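Here is a friendly walk through one protein chain, from its overall make-up down to single residues. Have the model open beside you as you read.

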Amino acid sequence: SNGAPPAQVASHFWGGPADGKPFTETKVWLSSLSLNYRTDNNLTLSSITGVYSSSHGAFDNYDLTVFAQALDAEHDQDTQISQELRLASSFSGPVNFTAGAYYEHDKHDTGDTDKIFALGPYPGPGEFNGDYNTLAMEAHDKAESYSVFGQVSWKILQELELAGGARYTHDTRSAQIGNIFNYFDLIAPTANPFSPAGVVYNPSISESNVSPEATLTWHPQNDVTLYGAFKTGYLAGAIGNPANVSNYTLVTNPNDKFIYKAEKVKGGELGAKSLLLDDRLSAQLTFYRYEYNNLQVATFHQENAAFYPGNAGKARSQGVELEGLFRVDRSLTLNLSLAYTDLKFLEYKGAQCYPGESVELCPDGSQDLSGTRYGDGPFTGRFGFSYDHSLWGPVSVRFSSDVTHTTASPVYERDPLAFTPAYTIVNAALRFYQTNGPWELNVIATNLNNGIYYKNFIFKPLGLPDDIGTQSVSLPRQITAQVQYRF
């Protein structure tokens with residue numbers, strides 16, 4: 001139901017298309033080079049080099065109504081290079097190792113401009129004169145990561161192996177962030193809710209981490225593997241680039257407002273893998289539990305009508321997963337997967353309120369979500385099959401299908417209307433191919449039953465407290481035909 005902006009606004013919106021039509025354009029260049037050198041003394045040296053570059057532009061109406069009052073245009077340029085070196089042994093003895101180093105450099109430039117208030121054309125001087133924009137921001141980010149890692153495996157017995165290692169990481173982040181235009185500089189300079197144009201903030205981060213891990217693996221017989229693992233992880237802190245920069249000119253340590261902390265996790269897994277019935281049945285069962293400190297989350301900030309990342313204090317992820325595959329005969333294969341995931345905030349104070357939440361539940365503009373669950377539906381089950389058979393001569397056919405069911409999600413931020421209902425999706429694919437030839441024809445059907453579901457309600461940025469809109473809706477039934485020829 002989104003509407004297009006009035007022609008007068010569209011033709012006088014800095015950074016947007018003159019016709020006012022929503023668009024998204026992304027161009028990506030992704031390349032890699034992999035080199036491997038094997039020595040005569042059972043060592044392998046590997047090098048992996050990556051180069052990534054992307055440019056992105058977009059324009060749309062974000063007030064979720066036909067009135068098109070919350071317009072936004074954005075542009076983004078990101079360039080990243082990475083290099084990894086790894087040395088691994090394959091000795092005949094009980095001890096082997098892997099060691100390596102990694103480097104990554106990232107340069108990211110982004111900008112955003114929007115119209116979030118009906119203020120009319122800007123009457124001030126400069127390049128924004130006559131435009132309907134409310135704000136415009138620019139951000140320039142740089143990031144570097146260095147890490148070294150190593151793991152040693154020890155075959156204690158023929159059927160028992162212990163592997164342990166660690167990774168050391170050092171990350172630096174820096175940015176220049178500020179509004180290049182602010183309508184409120186003209187109409188409310190002394191009570192400006194947004195950072196004045198020309199003020200530049202310079203947040204920066206420098207931090208290090210060591211993440212150890214260990215796994216004990218037991219093979220009681222050839223076709224059975226049992227294992228237990230202790231694992232830790234680390235996701236570096238970073239700098240958020242809000243679309244609208246709030247006025248932090250009178251705040252102590254204003255640069256800290258853009259920084260979100262590093263996320264750390266530790267926990268473990270217990271699992272079993274086996275091949276049964278003369279290798280016709282393969283099964284895998286995994287139990288896991290992990291606890292997070294400073295879980296990184298995205299939140300909407302009403303004071304500046306922008307999304308940017310923050311941290312929840314502590315969270316827990318635990319569950320069980322079962323996967324199985326059974327080959328009925330040479331043509332027919334059945335597969336099954338079941339998963340139960342329990343995601344819970346153990347400590348999350350200062351979370352945002354949902355629209356219309358009472359002052360008793362959400363005093364001082366924030367609420368305590370400690371003890372509440374989050375995420376998608378906790379239970380997911382999938383059953384499928386594939387049938388592969390020769391038709392005539394070199395031509396074969398393969399038909400496959402699967403059905404996935406996901407239960408309803410927990411409510412979002414205690415909002416009784418904000419949840420994802422249970423849904424079922426049916427997919428199918430038909431493939432004709434030459435067994436040893438270059439031709440292949442595929443017909444792929446996704447969401448064949450046209451199941452409709454939505455995820456995570458958000459409120460309309462310019463609406464009333466009870467105005468609810470959906471953040472994302474499932475894609476409808478899609479049928480794709482694909483012809484492939486291998487040279």
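Two strands are said to pair if DSSP finds at least two bridges between them. With that in hand, look at valine 224, which stands opposite serine 274 in strand 11. Please keep in mind throughout that this is a predicted model.

**The chain as a whole**

Let us step back for a moment. The protein chain holds two helices and 23 strands. Its C-alpha trace spans about 80 × 55 × 50 Å along the principal axes. Of the 487 residues in the chain, 35% are buried. Among contacts with a separation of 6 or more, 64% are between residues 24 or more positions apart. The accessible surface comes to about 27,000 Å², and carbon and sulfur atoms account for 58% of that surface. As for charge, there are 33 positive and 51 negative side chains, and the centres of these two sets lie 8 Å apart.

**A run of paired strands**

| Strand pair | Direction | Bridges | Example of facing residues |
|---|---|---|---|
| Strand 6 (residues 160-182) and strand 7 | antiparallel | 15 bridges | glycine 164 and alanine 214 |
| Strand 7 (residues 204-221) and strand 8 (residues 224-235) | antiparallel | seven bridges | glutamate 213 and lysine 231 |

How many residues lie between strand 7 and strand 8 in the hairpin they form? There are two residues between them.

Leucine 157 is found in strand 5, which covers residues 135-157. Its relative accessibility is 45%, so leucine 157 counts as partly exposed. How far apart in space are leucine 157 and tryptophan 218? They are 61 residues apart in sequence, yet their C-alpha atoms are 9.2 Å apart.

Threonine 286 belongs to strand 12 (residues 281-301). Is threonine 286 buried or exposed? Because its relative accessibility is 7%, threonine 286 counts as buried; the cut-off for that label is under 20%. Leaving aside neighbours within four places in sequence, threonine 286 is in contact with Tyr227, Glu269, Leu270 and Gly271, and also with Gly319, Val320 and Glu321.

**Two loop residues with positive phi**

Asparagine 42 is not a glycine, although its phi is positive, at about 65°. This asparagine 42 sits in the loop between strand 1 (23-38) and strand 2 (43-61). With 40% relative accessibility, asparagine 42 counts as partly exposed.

Aspartate 278 is likewise a residue other than glycine with a positive phi, near 55°. Its place is the loop between strand 11 and strand 12. A relative accessible area of 75% makes aspartate 278 exposed.

**The disulfide**

How many disulfides does the chain have? The count comes to one disulfide, and it joins cysteine 353 to cysteine 362, with an S to S distance of 1.8 Å. The torsion about this S-S bond is about -85°, so the disulfide between cysteine 353 and cysteine 362 is left-handed. Both cysteine 353 and cysteine 362 are buried.

Conventions:
Residues numbered from 1 in each chain as written. Predicted model: local features only at pLDDT ≥ 70, side-chain atom pairs only at ≥ 80, totals over all residues. Heavy atoms only, no water. Helix = DSSP H or I, 4+ residues; strand = E, 2+ residues; numbered from the N terminus. Buried < 20%, exposed > 50% of the residue type's maximum accessible area, 1.4 Å probe, protein only. Contact = heavy atoms within 4.5 Å. Disulfide = S-S within 2.5 Å. Areas by Shrake-Rupley, 256 points an atom, 1.4 Å probe, with all protein chains shown as cover. Lys, Arg positive; Asp, Glu negative; His and termini not counted. Charge placed at Lys NZ, Arg CZ, Asp CG, Glu CD.
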